[in-house]
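Work through these exercises with the structure open beside you. Try each task before reading its solution.

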Amino acid sequence: EPGVALLAVGSFGRGDLTPGGDLDLVLLHEGRPDIGELAQKIWYPVWDRGLKLDHSVRTVDEAREVAGEDLKAVMGLLRTRLIAGDPKLAESVRTAVLADWRAAAKRRLPELARLTRERWEAHGELAFLQEGDLKDAHGGLRDVHVMEAVVATWAVPPPGPRVKAAYDRLLEIRHALHAVTGRSNDRLLLQEQDGVAAHLGLSDVYELLGTVAECARTITYA
């Protein structure tokens, strides 16, 4: 119906959701008075299924305001996917957030760079770690999300197909890790490596770690 749209953001919006990931949803509306009641009708069945849900309810202006203050929020809203509802409303928030992101690039990209360097310092270089974090280490999945956000400002060209291939392979490994462990942990711990390698059809742990290192080096170089 017009005036309301349910959007997937984050990994759900990108189509990257793994077994341990959250359903990250935004219910967008145009000042609808019964929006709280409508939201509960959507959220409660998800909770009843035992699924993890990260949710919010916003108008377009509220979404823009949050995106203007929170880097995580803006990076999610740059890659939205319409689940149901008004496609024009969904496109309006994506267009507005993207325009704001580009207009504020000179101020926001240094902040993004600082937070990225802090994350690298906290999690190390994935290519050289025996128990690396597939998402947050330097060379991990989140670095590609950062690249996509920078590309969206028109400051740099998009990365090439080798980066996309490396990203897809790391995502497969992360998916296998979640499937094998039943948890959302992104560190490839020693005790999980045999199971992950077998799940992926790899010959042994050494092939698994070699694949992780090769993908991480590709992403780090980019």
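**Exercise 1.** At roughly what angle do the axes of helix α9 and helix α10 cross?

*Solution.* The model is predicted: local features need pLDDT of at least 70, side-chain atom pairs count only at pLDDT 80 or more, and totals for chains, interfaces and linings use all residues. Residues are numbered from 1 along each chain as its sequence is written, and side-chain values use heavy atoms, leaving out hydrogens and water.

Step 1. Find α9 at residues 190-199 and α10 at residues 205-221. Helices are DSSP runs (H or I, at least four residues), and strands are too (E, at least two).

Step 2. The two axes come within 8 Å and cross at roughly 85°. Axes are lines fitted to C-alpha atoms, for helices over the stretch in contact; angles run from 0 to 180 degrees between N-to-C directions.

Step 3. So α9 is roughly perpendicular to α10 (65 to 115 degrees).

**Exercise 2.** Which residues make the contact between α9 and α10?

*Solution.* Contact means heavy atoms within 4.5 Å. From α9 come Gln 193, Asp 194, Val 196 and Ala 197. From α10 come Val 205, Leu 208 and Leu 209.

**Exercise 3.** What is the strand order in the open sheet of four strands?

*Solution.* Step 1. The order is β3-β2-β1-β4, with mixed pairing. Two strands pair if DSSP finds at least two bridges between them.

Step 2. Look at the edges: β3 (53-59) and β4 (81-85) each pair on one side only.

Step 3. Take β2 (residues 23-29): it pairs with β3 in the parallel sense over seven bridges. Leu 28 stands opposite Arg 58 in β3.

Notes
Angles under 35 degrees count as roughly parallel, over 145 as roughly antiparallel, 65 to 115 as roughly perpendicular and the rest as oblique.
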